[in-house]
Amino acid sequence: MPFDSSDPGRTLPTPEYTPDNTPASSPVQTTFNIPLIVGITGSAGLVGRDLVRLALKEGHTVLAMDIISPDHRDTVLAEDISFAGDRYEYKQVSALDYEGYKNALKVSKCNAIVHLATLANGPDLDSRLGLESQGKAQHEVHNSNVAMSCNTLSIAGELGINRVVLASSVNSIGLLFSKQPILDYLPLDEKHPCRPEDAYSMSKYFCELQSDSYVRRFPSLRVASLRFHGVVKDSHVNRESLNEQGGEWKDLWGWVSSNAVSRACLLGLTSSTMYFGEGTHETFFIAAPTICQQTNTVKLLDEYYPEILREGRLRRPIRGNEGLFDCSKARKLLGWQEEGFCYQDKDEAVDRTELRGV
């Protein structure tokens, strides 16, 4: 059936892995305490460096992998992890190099993978980048990202690695890089349809579809696709810095701290199988419970998404600067939550200084 470009609401199918029977409520699941040997791609990035340190502090062994030289300033320096001893190793390897990637995991006897490596859109689509930034062509962004996630899942199946976390993005549903995001309702949850328009967003949507396929083929495999949002350095996690950052209207002014993302990655590997079992792929929004700005969220919606309010598509009341991503699934299945900085309207009789993820 030909694609009808006149229908702006046309959507890619919501993958079947989003369950209808997610428990309405459940206690935070305990994690198992068996030390893992974790292979981490993109280990020299912001999240990668924090995750390496967190995993080592939690007693796991880490194989850090990235494409940059071991002596590059962005690799984890020896003095940062001297406490880990021989539980840390860095290898210069690309997730696009199937045999090199597989061999690195095999030699280190990894039994878990966190795939963070990615190619981002260039400044022609990402307004946050300066025009001097050298982005990649759309076909290269798409092809590289799709190949890296496919390699990760294929190697995991081949080597019998049954715990995998993939870095997806809130953009898999079609947000920041879309001409005009099409939102059926707010706050967004994992059941919302996906409508990506650009290479990066499509590649994140496809990595989720790949995961859905691989858990069917390998019934002992468990995959968590974490939809990160606007990862912020921990040094910038304060009211003033976030308010100055502001966020973007197309991605609903969201953010999350690098520390919280690292915790989500580790929980994606270690959380209990009681509700997140083997042979299962789940997606999770990983975002803070507030927007960046210290201002009223509903007022921003009235300016940028008036139809959501006018047509009654706001699923619950939003107070102060509460965020527009429902992360309750991550809390229920992973035991994850993030803190936020709560702005209080003068007209609100709500005595809260801190708002926790729900």
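Guide: Two strands count as paired if DSSP finds at least two bridges between them. Strands (E, at least two residues) and helices (H or I, at least four) are DSSP runs, numbered from the N terminus. The model is predicted, so local features need pLDDT of at least 70 and side-chain atom pairs pLDDT 80 or more, while totals for chains, interfaces and linings use all residues. Residues are numbered from 1 along each chain as its sequence is written, and side-chain values use heavy atoms, without hydrogens or water.

By that criterion, β2 and β3 pair in the parallel sense over 5 bridges, with Met65 standing opposite Lys91 in β3. Strand β2 also pairs with β1, again in the parallel sense and over 5 bridges; here Gly39 stands opposite Leu63 in β2. Of the 6 residues of β2, 5 are buried, that is, under 20% relative accessible area, with exposed meaning over 50% and partly exposed in between (1.4 Å probe, protein chains only).

The loop between β2 and β3 contains Ala84, which is buried at 5% relative accessibility. The C-alpha atoms of Ala84 and Leu56 are 6.2 Å apart in space, although 28 residues separate the two in sequence.

These pairings belong to an open sheet of 7 strands with parallel pairing, in the order β3-β2-β1-β4-β5-β6-β9. Strands β3 (88–92) and β9 (280–286) stand at the edges; each has a single partner strand, so one side of each has no neighbour in the sheet. Neighbouring strands are turned against each other by 20° on average, direction ignored. Such angles run from 0 to 180 degrees between N-to-C directions, with axes fitted to C-alpha atoms, for helices over the stretch in contact.

Helix α1 (residues 46–57) touches β1 (37–41), β2 (61–66), β3 and β4 (112–115), and its direction makes about 165° with that of β2; contact here means heavy atoms within 4.5 Å. Helix α6 (residues 258–270) touches β1, β4, β5 (163–169), β6 and β9, and its direction makes about 165° with that of β6.

Elsewhere, salt bridges that share partners join Glu99, Lys102 and Glu158 into one network. Within that group, the closest N and O atoms of Lys102 and Glu99 are 3.6 Å apart. These two residues are 3 residues apart in helix α2 (residues 98–107), which means a separation of about one helical turn. Lys102 is buried as well, with a relative accessible area of 14%.

Conventions:
A salt bridge is a side-chain nitrogen of Lys or Arg within 4 Å of a carboxyl oxygen of Asp or Glu.
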